[in-house]
Amino acid sequence: SRGGRQLRVRLSNTYGDQPLRISAASVAAGAGQQPLALSFEGRAQTVIAPGTERLSDPLALPTADLQAVQVSVYLSERTPLRTFHWEGRQTASFADDDQTLAPALTATSTTTARLFVSGIDVQAPAGARSVAVIGDSITDGATASLDRDQRWTDHLAARLAPQGVAVVNAGISGGRLLRDGMGEAGLSRFQRDVLDQPGVASVIVLLGTNDIGWPGTAFARTEAAPTLAELQAGYRALVDRAHARGVRIVGATLPPFAGALPGTPLDDYYQPEKDALRRQLNAWLRQDRPFDAVIDLDAALRDPADPARMAAAFDSGDHLHPGDAGNRAMADAVDLQTLLLGQVPVTTP
């Protein structure tokens, strides 16, 4: 989301059970542009051990704020796919042979998942800051328009770029706060996906909807629903860890989801007792203020005539995820001054 004079591409084998052999990689300043070869400790090839990541050497490729870049990776060996982000909301192409230096790929198929690439680091001035947003499919942008950067974090990045602040989207569709599911639990991945991000000064937490909605569905048929106390304890644990690093942490209320996912195997995702728990949790967030600040996304998205439902203008149609207009409304609900206040004092046990 921030531009710079140089960049480095981060490739991941976090979930691999064997070495990941990268035969060549490149990056271009947008589709159709001439790619530049990436190197790793001066070599075109690299091997990434299981459970690790590899950062490329710095590449002198100037980029502007919010500019798209195109990364290509060539695997000369048959490679099991273990590490990927399945809800990338961006079309990627598969192609035969090494086309890393081709301006346009001769594609054989496409996917909207993001494979191997876990991040791009851009050289920034001293003191540059970033905001990390940890969340589930709502943050991941599950129903945002494909290839159009319409996630709510994209709109937030556009608001923050003029102030020199980057945004890290750490949303995982199906993600939960307390338990693993489709991806690791928020409590487990908070260190890697938030606190270890370059320049992180603030974090926004939008997690808990799947903790409430999954139990009793096909995803977790026999799993007990979390208690309010368990969710509160999970939030407090994130606050303590952020404050221990001097990072400001902002919580978001959970948006309404009555009638969620109709006509799907998860059409029992919503139940009145689940909504009661969501409302209790939101009331606690507003009144007890365990976070440094609260973004009231529930108030921003709900239907005033039926507060258990998302307003039709903001609804993607599945009654759980916001559409493009809803994503913009979420970003507009963020008070940038509150978000960007100075770092909190570091606390110790």
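Author: The model is a predicted one, in which local features need pLDDT of at least 70 and side-chain atom pairs count only at pLDDT 80 or more, while totals for chains, interfaces and linings use all residues. Residues are numbered from 1 along each chain as its sequence is written, and side-chain values use heavy atoms, with hydrogens and water left out.

Ser-56 sits in the loop between E6 and strand E7 (70-74); helices (H or I, at least four residues) and strands (E, at least two) are DSSP runs numbered from the N terminus. Setting aside residues up to four places away in sequence, Ser-56 touches Arg-8, Val-9, Leu-38, Ser-39 and Phe-40, where contact means heavy atoms within 4.5 Å.

E6 belongs to an open sheet of 3 strands, in the order E6-E1-E12 and with antiparallel pairing (two strands pair if DSSP finds at least two bridges between them). Strand E6 (53-55) and strand E12 (117-122) are at the edges with a single partner strand each, so one side of each has no neighbour in the sheet. On average, neighbouring strands here are turned by 15 degrees against each other, direction ignored. Strand E1 (residues 7-12) pairs with E6 in the antiparallel sense over 3 bridges, and Leu-11 has Arg-54 as its bridge partner in E6.

An open sheet of 5 strands runs in the order E14-E13-E15-E16-E17, with parallel pairing. Its edge strands are strand E14 (165-171) and E17, and each pairs on one side only. From one strand to the next, the twist averages 25 degrees; axes are lines fitted to C-alpha atoms, for helices over the stretch in contact, and angles run from 0 to 180 degrees between N-to-C directions. Strand E15 (residues 200-206) and strand E16 (residues 248-252) pair in the parallel sense over 4 bridges, and Gly-251 is the bridge partner of Val-205 in E16. Across E15 and E16 lies H5, running at about 155 degrees to E16.

Leu-228 is found in helix H5 (residues 228-244), and with 23% relative accessibility Leu-228 counts as partly exposed. Apart from residues up to four places away in sequence, Leu-228 touches Leu-277, Gln-280 and Leu-281. Tyr-235, in contrast, is buried, with a relative accessible area of 1%.

Aromatic rings come next. The structure holds 5 aromatic pairs; rings of Phe, Tyr and Trp (its six-membered ring) pair if their centres lie within 6.5 Å, with planes under 30 degrees apart counted as stacked, over 60 as edge-to-face and the rest as tilted. One of them joins Tyr-235 and Trp-284, stacked at 6.2 Å centre to centre with 20 degrees between the planes. That pair links distant parts of the chain, Tyr-235 in helix H5 and Trp-284 in helix H6 (residues 272-288), 49 residues apart. Tyr-235 and Phe-291 have ring centres 5.4 Å apart and planes at 70 degrees, so their pair is edge-to-face. Here too distant parts of the chain are linked: Phe-291 is in the loop between H6 and strand E17 (293-295), 56 residues from Tyr-235. Phe-291 counts as buried because its relative accessibility is 4%.

Finally, the cores. In soluble globular proteins, nonpolar side chains tend to be buried together. The largest nonpolar core here has 61 residues, and those with the most contacts inside it are Leu-156, Leu-160, Phe-190, Ile-204, Val-205, Tyr-235 and Ile-249. Such a core is a set of buried Ala, Val, Leu, Ile, Met, Phe, Trp, Tyr and Cys residues joined through side-chain atoms within 4.5 Å. Beyond its neighbours within four places in sequence, Phe-190 is in contact with Ile-134, Leu-195, Val-203, Leu-238, Arg-241, Ala-242 and Ile-249.

Note on methods. Buried < 20%, exposed > 50% of the residue type's maximum accessible area, 1.4 Å probe, protein only.
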